[in-house]
Amino acid sequence: MKERLQELETEALGKVEKSGTIDELKQVRVEYLGKKGPITEVLRGMGKLSKEERPVIGQLANDVREKISDAIDEKQTKLEDEALEEQLKEESIDVTLPGRPVQVGGPHLLTSIIEEIEDLFLGMGFEIKEGPEVETDYYNFEALNLPKGHPARDMQDTFYITEELLMRTHTSPVQARTMGQKNGTEPVKMICPGKVYRRDTDDATHSHQFTQIEGLLVDENVRMSDLKGVLQTFAQKMFGAEREIRLRPSFFPFTEPSVEMDISCKMCGGEGCSVCKGTGWIEILGAGMVHPNVLEMAGYDSEKYSGFAFGMGPERIAMLKHGIDDIRHFYTNDVRFLSQYHKA
Amino acid sequence: MLISLNWLKELVDISGLTTNELAEIITKTGIEVDGVYEPEDLPKNVVVGNVLSCEQHPNADKLSLCQVDVGEETLQIVCGAPNIRAGQKVAVAVPGAVLPGGFKIKKTKLRGEESSGMVCSLQELGVKEEDVPEAFVDGIFVFPEETEVGADAVQLLNLDDSIIELDVTPNRADALSMAGVAYETAAALDRSYELETPSYEEVKEKATDHVSVKIEDAEANPYYGAFVIKDVEVKESPLWLKNRLMAAGTRPINNVVDITNYVLLEYGQPLHAFDLDRFGSDKVVTRFAEEGEEIRTLDDKVRTLSSNHLVITNGEKAHAIAGVMGGADSEVQEDTTTILLEAAYFSPRVVREGAKDHELRSEASVRFEKGLDVNRVAQAGERACELFENYAGATILKGVAEEDHLDREEKEVRMETEQLNNRLGTDMSTDEVKDILRRLQFGYEEKKDVFDVQVPTRRFDITIFEDMLEEVARIYGYDRLPYTLPNSSQQAGGLTQAQHLKREVKTYLEGAGLSETITYSLTDKTAAEQMISPELKGEANGAIRLAMPMSEDHSHLRLSMLPELLRTHRYNTARQQQNLAYYELGKVFISEDEAHQEQPKEVVRAAGAVSGNWVSHLWQQEKKEVDFYVVKGIVEGLAERMGLTFTYVKGEVNGMHPGRTAIVHCEGETVGFMGQVHPRYQKDWDLKETYVFDLNMDLLLELYEKEETFAKIPKYPSVSRDIALVVEEEVSAGDIEATIREAGAPLIKQVKVFDVYQGEHMESGKKSLAFNLLYLDPERTLKDKEVEEAHKSILEAVASKHGASLRE
Ligand SMILES: [Zn+2]
């Protein structure tokens with residue numbers, strides 16, 4: 001019996017060795033280790049053996065069984081690994097081929113600039129106010145210290161609809177309207193972005209429709225130094241912390257004093273170059289202390305209340321920031337232009 | 001305004017500053033400098049020469065052979081200028097000279113004759129042709145006889161001048177004169193300047209012996225002064241005067257015209273010279289023109305006047321449009337000997353009307369329009385008289401014939417040191433304020449830090465405290481103001497719900513694949529009135545038209561944003577851009593009155609347009625063109641983003657495909673539409689199949705603000721059932737869905753179409769619609785029997801309402 005077991009062992013291990021697939025290996029297992037297999041049969045004949053021989057043969061049979069089983073397991077792992085290896089090889093793809101595109105849109109450059117400015121002033125406690133684009137002559141001009149016949153009120157620049165209705169030429173009427181709602185008592189702290197219209201022929205630097213952002217702060221004891229501080233905060237956040245600002249006298253009918261704000265030129269650092277026309281400074285916005293006539297017309301006591309206002313053109317800021325040379329790009333909506341500014 | 005620094009430095013001490021430094025100071029304290037022009041590329045070695053002889057060149061018809069004395073030697077020069085003559089003093093570029101553009105002058109031979117140098121025209125020396133006096137435009141420049149031979153021509157011609165160009169704002173009309181700029185510069189640099197008082201010899205004969213002046217409308221013409229100047233010799237102006245005019249960009253004509261132009265530049269006061277012998281009477285009457293009255297002006301045009309044009313007449317006939325242009329009949333000519341010189345103040349409004357109506361804006365009219373120094377009107381006339389005496393050999397009659405209604409009082413403005421500091425955020429002392437007023441040359445009285453400032457009449461822009469605040473601040477220096485932040489009442493700031501929602505909608509649409517555009521609100525009439533959303537009722541009163549559009553393309557206010565969005569598609573399609581997906585958030589303008597007299601209703605809308613491929617993955621041959629349901633998916637997603645439920649009903653909109661348009665409803669209100677652009681429109685506009693949507697954001701916002709309650713997450717399981725119904729093909733899925741929801745209420749929670757089938761195995765004219773239904777009771781687990789009952793009543797309802805039968 002001992003010989004028979006050893007014979008079975010050699011035979012089985014040989015078959016395991018020869019098995020090339022998992023199925024073949026399964027058959028080997030069934031053939032040798034199954035209930036009807038030869039090892040079971042040998043054990044069944046153990047009754048004929050002596051008491052002394054029984055445990056020895058029993059032990060041997062178990063050893064053989066284990067050896068065959070281990071060999072099968074080992075072979076199985078090996079075959080499985082090989083099969084996986086094969087599968088991985090087959091499943092390999094060209095990772096450099098393009099992916100399935102996901103349609104993603106993006107904001108218009110002007111919207112990005114406007115929202116950036118909005119967020120900046122929201123952070124300083126300003127509100128955003130909006131108003132009608134078709135305005136009355138009163139709010140667009142008269143309430144802003146531009147009575148009928150005022151030289152700065154060039155009729156040729158304005159799209160009139162009737163004598164009293166027009167396309168607003170600036171967003172300042174929103175300021176006049178907002179002040180008017182406060183009964184001359186509450187402070188105002190607002191910016192008003194929006195579309196405005198001028199009677200211009202469209203060319204590289206003119207557009208009959210463009211955008212504006214104006215700001216207004218009215219309260220007791222507002223100082224011109226406050227205007228300077230707010231504008232500097234804005235300029236440094238918008239254009240970089242190393243930018244300097246400069247105020248210089250200017251003229252607007254609704255502010256007195258009126259100033260224009262320049263920032264130091266980024267291109268040349270103030271040395272003078274073609275971007276800043278040799279001056280070292282770039283004009284960014286107009287501002288000033290609210291004219292007492294404007295305050296009085298809105299119902300404020302101009303002895304007690306003072307304020308400042310400022311206004312800027314997002315197109316100009318976008319053009320400066322991105323080196324865009326033609327204002328018409330903003331309204332032609334060429335997909336090749338728009339998509340350049342979609343990245344966040 | 002162009003400022004010659006060679007002129008300015010004779011008025012104010014500007015030594016020690018470069019042109020750029022000076023420009024920077026002027027910009028920072030008062031007036032913006034628009035440009036700085038330094039003499040560049042100056043001619044070198046150009047001297048004054050005396051043409052000793054001038055003969056015909058032996059070998060060339062059009063050339064002259066000249067002997068020219070240049071001081072140290074006599075040069076033989078071949079010259080092609082037609083106006084060269086013996087005895088002239090001319091500008092000679094001697095051998096070794098360099099002309100602008102790097103052009104070097106060498107000894108050479110021209111047609112066989114030696115030529116050592118070149119006789120120059122002003123253009124060759126770098127003067128702009130439009131500034132060159134007429135007589136010298138086509139030839140060489142000729143110096144006055146007394147000019148010294150051998151002198152530096154560049155210096156004599158003032159070519160080494162630096163020019164500063166000022167951009168004068170409307171309030172600073174005082175700076176439209178050299179005197180004004182000199183006061184400004186003196187204040188900025190803290191140096192001195194005073195306008196000199198003119199002086200000349202007056203004869204006994206009086207101006208009033210020859211002319212009288214009568215003003216009919218003192219408001220339109222508060223002052224008119226007439227000087228009488230005799231024995232005038234009309235000739236060329238002296239070189240220095242020509243130089244100053246040329247530097248300021250004014251072409252010299254003759255001494256009479258040049259002198260009035262010079263005083264205009266110096267004083268900012270326009271003057272006009274009439275030939276008194278041609279004036280036709282001894283009285284000047286200023287009045288408004290008769291309607292239809294005619295005048296032939298200096299430019300030889302006959303102009304028809306109206307009753308808002310002020311004219312200068314001889315009692316009968318108009319000889320000038322006040323402040324705008326003189327008449328041709330009394331123009332100063334070569335033979336003129338007696339001049340009536342007008343120094344007047346016309347109201348800005350009257351001159352503006354005249355200049356506008358006749359399209360004659362000039363240096364003179366601009367100054368009248370912006371205002372003049374009331375104390376400098378007659379003085380400017382006197383200054384001209386002084387120059388006439390010196391440069392036209394004239395005799396000045398005593399006094400001036402005038403009528404005078406001008407108020408010459410200086411205005412008084414009160415200010416306090418503390419008030420200035422409070423407004424500026426500064427810490428100035430009263431002495432500092434006094435020092436600023438001294439620099440400005442403003443008179444004042446001060447008591448206990450309270451100033452009463454006497455504003456000189458030259459600064460007629462200053463009338464209130466805030467004006468003085470500006471004067472003090474700018475001389476103090478804006479760069480010296482501290483940086484502070486408002487200590488005003490704190491306010492949180494932040495977006496309103498509407499503003500927040502608009503941003504959300506943008507973010508959603510961009511995530512859904514659409515890019516933002518901004519198009520024009522003004523468009524042509526046809527585009528303005530197309531594709532109007534039904535709830536707007538915009539057709540009723542039509543698009544609002546501008547009174548004076550620049551072009552018909554931008555003449556009407558849009559009632560829909562889609563036509564302009566489609567123009568964007570057309571533009572990009574024409575540029576080989578295939579797959580387009582755009583949206584815009586903007587306003588349309590709905591007139592609520594037929595006559596368009598009232599402010600229109602402005603409605604915020606979100607509109608989009610999509611064409612081309614929606615999915616396109618080339619190497620996997622995966623490609624899907626955009627269709628109705630792609631855009632509907634975007635709109636449904638938007639509703640979901642806003643927490644709203646939209647329903648869609650087939651409808652018609654002008655410009656849209658009648659079979660592929662849905663009107664969008666929400667909570668019983670129409671909120672917009674979506675669908676395919678009409679194929680005819682697509683063809684006319686060269687568009688591919690294009691799908692659009694257009695939603696009323698104002699309405700959606702109102703609905704959004706209502707919906708704010710929290711819906712609990714269901715605790716109990718739902719039951720899902722599928723049904724397939726066979727119906728006539730015209731029956732819409734939406735209608736069946738509505739019926740299912742109604743009949744299945746309250747247990748039915750969700751109805752979804754998952755299959756639409758038509759074709760084989762179906763009776764023709766019929767279709768099959770498969771729905772997935774979800775039943776749920778939030779309070780407990782549903783029993784099979786309840787579901788069965790609900791399901792049965794749904795089947796009965798769809799059968800009776802839509803003739804639907806269960807598909808086998
Ligand atoms: Zn620069």
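This is a predicted model: local features need pLDDT of at least 70, side-chain atom pairs count only at pLDDT 80 or more; totals for chains, interfaces and linings use all residues.
Residues are numbered from 1 along each chain as its sequence is written, and chains are lettered from A in the order in which they are written. Local features need pLDDT of at least 70, side-chain atom pairs count only at pLDDT 80 or more, totals for chains, interfaces and linings use all residues, and side-chain values use heavy atoms, with hydrogens and water left out.

**Exercise 1. The layout of chain B**

Task: find the domains of chain B and relate them to the UniProt features.

Solution. Start with the domain assignment, whose bounds come from an automatic or database source. Chain B has domain 1 (2-39 + 162-189), domain 2 (44-156), domain 3 (202-404), domain 4 (411-480), domain 5 (497-703) and domain 6 (719-806). Next, take the C-alpha centres of domain 2 and domain 5 of chain B: they are 72 Å apart.

Now turn to UniProt, where positions follow the numbering used here, feature names are shortened, and annotations may be inferred rather than shown by experiment. An unreviewed entry lists "domain: TRNA-binding" at residues 40-154 of chain B. That span is 2% helix and 43% strand, with its end C-alpha atoms 12 Å apart. Helices (H or I, at least four residues) and strands (E, at least two) are DSSP runs, numbered from the N terminus. The unreviewed entry also gives "domain: B5" at residues 408-483 of chain B; here the chain is 41% helix and 22% strand, and the end C-alpha atoms are 41 Å apart.

**Exercise 2. The annotated binding-site residues**

Task: trace the contacts of B:Asp461, B:Asp467 and A:Glu256.

Solution. First, check the record: the UniProt "binding site" annotation (unreviewed entry) covers B:Asp461, B:Asp467, B:Glu470 and B:Glu471, and A:Glu256 carries a "binding site" annotation too.

Second, place the residues. B:Asp461 sits in the loop between strand S28 (450-455) and helix H14 (465-476) of chain B, B:Asp467 is in helix H14 of chain B, and A:Glu256 belongs to strand S7 (residues 255-264) of chain A.

Third, judge burial (buried means under 20% relative accessible area, exposed over 50%, partly exposed in between; 1.4 Å probe, protein chains only). B:Asp467 counts as buried because its relative accessibility is 7%, and A:Glu256 is buried because its value is 6%.

B:Asp461 touches B:Asn171, B:Arg172, B:Asp174 and B:Asp467. B:Asp467 in turn contacts A:Glu256, B:Asp461 and B:Ile462. The contacts of A:Glu256 include B:Glu466, B:Asp467 and B:Glu470.

**Exercise 3. A buried glutamate**

Task: describe the surroundings of B:Glu516.

Solution. Begin with its place, strand S29 (residues 515-516) of chain B. B:Glu516 is buried yet has no salt bridge, a term that requires a side-chain nitrogen of Lys or Arg within 4 Å of a carboxyl oxygen of Asp or Glu. The nearest side chain of opposite charge, B:Lys506, is 4.2 Å away. Then look across to chain A: the side chains of B:Glu516 and A:Thr111 make a polar contact at 2.7 Å (N or O atoms within 3.5 Å; within protein, one must be able to donate a hydrogen and the other to accept it, and residues adjacent in sequence count only if both atoms are side-chain atoms).

Definitions and conventions
Lys and Arg count as positive and Asp and Glu as negative; His and the chain ends are not counted. Contact means heavy atoms within 4.5 Å. Lists of a residue's contacts leave out its neighbours within four places in sequence.
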